[in-house]
Number of protein chains: 2
Amino acid sequence: MGSLDAVARIIEKSNKILMTTHVNPDGDAVGSLLGLGLALVNSGKDVMMVTAAPIPAVYQYLPGSELLQLPSMLSTREFEAGVVLDCTDLSRIGGDLPELLNGAGSVVNIDHHISNTHFGDVNAVDPKAAATGEIVLDLLLLMGIPVTPDIATNLYTALITDTGSFRHQNTTARCHRTAAVLLEYGADHVLVHNCLYEQRTLSSLMLLKAGLETLSLSKDGRIAWMAISYEDILSSGCNMEDCEGIIDYPKSLRGVEVGILFKEVKPGEIKVSFRSKQYLDVNRLAASFGGGGHERAAGCTVKGNLADAVAMIVRTTEEHLRLAMNNGGVS
Amino acid sequence: MGSLDAVARIIEKSNKILMTTHVNPDGDAVGSLLGLGLALVNSGKDVMMVTAAPIPAVYQYLPGSELLQLPSMLSTREFEAGVVLDCTDLSRIGGDLPELLNGAGSVVNIDHHISNTHFGDVNAVDPKAAATGEIVLDLLLLMGIPVTPDIATNLYTALITDTGSFRHQNTTARCHRTAAVLLEYGADHVLVHNCLYEQRTLSSLMLLKAGLETLSLSKDGRIAWMAISYEDILSSGCNMEDCEGIIDYPKSLRGVEVGILFKEVKPGEIKVSFRSKQYLDVNRLAASFGGGGHERAAGCTVKGNLADAVAMIVRTTEEHLRLAMNNGGVS
Ligand SMILES: [Mn+2]
Ligand SMILES: [Mn+2]
């Protein structure tokens, strides 16, 4: 990939480098940032890795996370290059980081989102990559920077976050080859799985239990949903991070095409998540309520009381499903 | 591996071939059997793929599963070769299949269990393989038999079953390279994940809910357990397959080293499953109750009432944990 060569040249000739990623960073964002950041530190660069806000606690196990800075902590505001990872456009960076990048000599944009705006002076955007971490590994191999176990653990985290541990549809042969290489470089996959998947809180399991009590199915068995009230959330002592993963339960039922999770995040405000298995475009469904997302995972927010929201949205989902089936979406 | 050459030679010179695997077959057993079986059918061999009992319903999606026969259905009892997959010893094959194999010209033993007894005339036993399916892929490549998408889907199922979808500690770079090759050969990983992980029954989720209601933690937070009564199982309408996966919940809690699941499978008979994260040898723990397994996953059966069994086993687990910690097992 020619653009990776151009990225390598800019990084090689720059010393003071600002690195960042998008707000509300996920494992691909933090893992790619730290993976490339540690590699450049090891090559003797004066690197500052910055996020607009502290990263989620779940990623604090990542080697090098103690090097991350907030914008207010920076000892300089002048950089020869800025490197932005896993970020579709500059507006998703947050804080005053876009200004800082505008002042940098060159901006490098490394990402895998098809919607990337190519905002950089050099853009290594590869929508075929399942994770930005895959592109970072290619870059390190191209630049001949040794991949240490710490770097490998970061890039492995990036990869499994964006592929759902190799379960999502976007998982390719390339993902598995990348994983193989990263394990050979010493990625601690036992640590990563333990820190990502075995750190549940008691309150999150109590919230799951409360959710399971509300599990309902449409008459034809193709729609399943759970509705968590504001009271449930309050009494469980959960925060929003604790709700992650609950959406998978309704969809996991045999015969179900669409799973829906209703969460009353404030009295009268309901966050709705949709997941589909094979044929319903939930992006369009969510868009009809002012939301959006992808074909198989989307969401929206509606106002009103929980029971009304459930009734209305299940009804609309049934209509979308009927149309999709009439259009030959399913046997 | 020289033994694979020997396996290839026996298969090449044989026409009538009996193929089988262990009783209560898992995804590696069925996937390896069908993966190799379809390949030999495609090479023009007269292959009979046999299991002592019908395979679990969850594996009926596997391409070629309609070719599986029960011993009573066989049209002949004379074979030039017998091939046994994923099976430590002949006694685990079940039915009258061991006799049939004894009558076969040569017995080929393809497996990855370290405890394999090398019962074959030729033994391709590779304990470094995470799944028997990995060895089967090597064999097909060695023999130059084309890997069709159907074969790849079977071997991919074998691989993800025995590595817990690449999450277990036994996952190696080789596993990921095998997965990459299988995806390139057309393994339908979306189908596999859908059929393995998104076919829950409503009753299994109701049993999970009943289990979560009993979730308990030891004072120091290092032991978590759930206890499912015979009544819970009866009223949920679940069978034993529906209980699978429930053991993962207690262990998934932050700070927990040992997760325990108690299932009263009959009045007065309690199946106990143990899982540990990092340092407790639950094989030894289970052995102290007449059970066994591996270091990180083991089980036993005890008699008595559920509450007494819970109290007794939690107390013993606390003692094992205290000893493990005194021995420097943990920081
Ligand atoms: Mn990403
Ligand atoms: Mn196996």
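## Salt bridges within chain A

A salt bridge here is a side-chain nitrogen of Lys or Arg within 4 Å of a carboxyl oxygen of Asp or Glu. In this predicted model, A:Arg174 meets that criterion with A:Glu134, the closest N and O atoms being 3.6 Å apart. The pair links distant parts of the chain, with A:Arg174 in helix α6 of chain A and A:Glu134 in helix α4 (residues 132-143) of chain A, 40 residues apart. The two partners are described by separate accessibility values: A:Arg174 counts as partly exposed at 26% relative accessibility, and A:Glu134 is buried, with a relative accessible area of 1%.

A:Asp46 forms a salt bridge with A:Lys16, for which the closest N and O atoms are 3.1 Å apart. A:Asp46 lies in strand β2 (residues 46-49) of chain A and A:Lys16 in strand β1 (residues 16-21) of chain A, so the pair ties together parts that are 30 residues apart in sequence. A:Asp46 is partly exposed, with a relative accessible area of 30%, and A:Lys16 counts as partly exposed at 28% relative accessibility.

In chain B, the side chains of B:Asp46 and B:Lys16 meet in a salt bridge at 3.1 Å, N to O. Because B:Asp46 lies in strand β2 (residues 46-50) of chain B and B:Lys16 in strand β1 (residues 16-21) of chain B, the pair ties together parts that are 30 residues apart in sequence. B:Asp46 counts as partly exposed at 31% relative accessibility, and B:Lys16 is partly exposed, with a relative accessible area of 28%. Returning to chain A, salt bridges that share partners join A:Asp126, A:Glu134, A:Asp138 and A:Arg174 into one network. Over all chains, the structure holds 19 salt bridges.

## The manganese site

Which residues coordinate the manganese ion (ligand 1)? The donors are A:Asp28 (OD), A:Asp86 (OD), A:His112 (NE2) and A:Asp162 (OD), at 2.1 to 2.3 Å, and in sequence these donor residues are spaced D-x57-D-x25-H-x49-D. A:His112 lies in the loop between β4 (106-111) and β5 (122-125) of chain A and A:Asp162 in helix α5 of chain A, so this pair ties together parts that are 50 residues apart in sequence. A:His112 is buried, with a relative accessible area of 10%, and A:Asp162 counts as buried at 16% relative accessibility.

## Aromatic and charge-ring contacts between chains

The count of aromatic pairs comes to one over all chains. A:Phe166 and B:Phe166 form this pair, which is edge-to-face, with 5.6 Å centre to centre and 75° between the planes. The pair crosses between chains, and each partner sits in the loop between α5 (149-163) and α6 (173-184) of its own chain. Both A:Phe166 and B:Phe166 are buried.

The charged end of A:Arg167 sits over the ring of B:Tyr197, 3.8 Å from its centre, and the charged end of B:Arg167 sits over the ring of A:Tyr197, 3.8 Å from its centre.

## Domains and a buried glycine

The domain assignment of chain A gives domain 1 (2-197) and domain 2 (202-326), whose C-alpha centres lie 32 Å apart. A:Gly221 is found in the loop between β6 (216-217) and β7 (223-228) of chain A, and is buried, with a relative accessible area of 18%. Not counting residues up to four places away in sequence, A:Gly221 touches A:Gly255 and A:Val256. A:Gly221 and A:Val256 are 35 residues apart in sequence and 6.0 Å apart in space, C-alpha to C-alpha.

How values were computed:
Residues are numbered from 1 along each chain as its sequence is written. Chains are lettered from A and ligands numbered from 1 in the order in which they are written. This is a predicted model: local features need pLDDT of at least 70, side-chain atom pairs count only at pLDDT 80 or more; totals for chains, interfaces and linings use all residues. Side-chain values use heavy atoms; hydrogens and water are left out. Domain bounds come from an automatic or database domain assignment. Helices (H or I, at least four residues) and strands (E, at least two) are DSSP runs, numbered from the N terminus. Buried means under 20% relative accessible area, exposed over 50%, partly exposed in between (1.4 Å probe, protein chains only). Contact means heavy atoms within 4.5 Å. Rings of Phe, Tyr and Trp (its six-membered ring) pair if their centres lie within 6.5 Å; planes under 30 degrees apart count as stacked, over 60 as edge-to-face and the rest as tilted. A charge sits over a ring if NZ of Lys or CZ of Arg is within 6 Å of the ring centre and within 35 degrees of the ring normal. Donors are N, O and S atoms within 2.8 Å of the metal (3.2 Å for Na, K and Ca); water is not among the atoms, so sites may look incomplete.
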